Amino acid sequence: QVQLVESGGGLVQPGGSLRLSCAASGRTFTMAWFRQAPGKERRFVAIITWNGDKTYYADSVKGRFTISRDNGKKSVYLQMNSLNPEDTAVYYCAASRSIGVFTTTPGYDYWGQGTQVTVSS
């Protein structure tokens, strides 16, 4: 069983930046960030392959968010720039036991507890 622990959420003004971190307790392959706004389903934000050679982004965050990972530290990161109120959500780190690329929640075996990101003036 792999545990994931997120950190880095908070309150930020529109146009600001945040960096989310997720530390894993064991080895993982494909990793991703999802987010869930109140009353909405959990949706993928960004995905990174096991060796970091490929990344994928939801259209809504392309050009503003960057996913990266450090396998030596068993960590994945999400740099979020030019934040706007529509980015407000609970952000979840997810990890798969597979090297496949999945944009939906069933593709992931492990989930963090979530970290709140609020974009507001």
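This is a predicted model: local features need pLDDT of at least 70, side-chain atom pairs count only at pLDDT 80 or more; totals for chains, interfaces and linings use all residues.
Visitor: Why is the pair of F34 and Y108 called edge-to-face?
Guide: The ring centres of F34 and Y108 are 5.4 Å apart, and a pair needs centres within 6.5 Å. Their planes stand at 75 degrees, and over 60 counts as edge-to-face. The pair is therefore edge-to-face.

Visitor: What parts does the pair of F34 and Y108 tie together?
Guide: F34 belongs to strand β4 (residues 31-36), while Y108 is in the loop between β9 (89-95) and β10 (110-111), so the pair ties together parts 74 residues apart in sequence.

Visitor: What makes F34 buried or exposed?
Guide: The relative accessible area of F34 is 0%. Buried means under 20%, so F34 is buried.

Visitor: Is Y108 buried or exposed, and how do you know?
Guide: Y108 has 5% relative accessibility. That value is under 20%, so Y108 counts as buried.

Visitor: Why is the pair of F102 and Y108 called edge-to-face?
Guide: The centres of the F102 and Y108 rings lie 6.0 Å apart, with the planes at 85 degrees. The centres are within 6.5 Å and the angle is over 60, so the pair is edge-to-face.

Visitor: Why does F102 count as partly exposed?
Guide: F102 has 27% relative accessibility. Buried is under 20% and exposed is over 50%, so F102 falls in between and counts as partly exposed.

Visitor: Which residues do ring pairs link into a cluster?
Guide: The cluster links F34, F102, Y108 and W111.

Visitor: Where does the charged end of R42 sit?
Guide: The charged end of R42 is over the ring of W111, 5.0 Å from its centre. R42 also lies over the face of Y92, at 3.6 Å from the ring centre.

Definitions and conventions: Residues are numbered from 1 along each chain as its sequence is written. Side-chain values use heavy atoms; hydrogens and water are left out. Rings of Phe, Tyr and Trp (its six-membered ring) pair if their centres lie within 6.5 Å; planes under 30 degrees apart count as stacked, over 60 as edge-to-face and the rest as tilted. Helices (H or I, at least four residues) and strands (E, at least two) are DSSP runs, numbered from the N terminus. Buried means under 20% relative accessible area, exposed over 50%, partly exposed in between (1.4 Å probe, protein chains only). A charge sits over a ring if NZ of Lys or CZ of Arg is within 6 Å of the ring centre and within 35 degrees of the ring normal.
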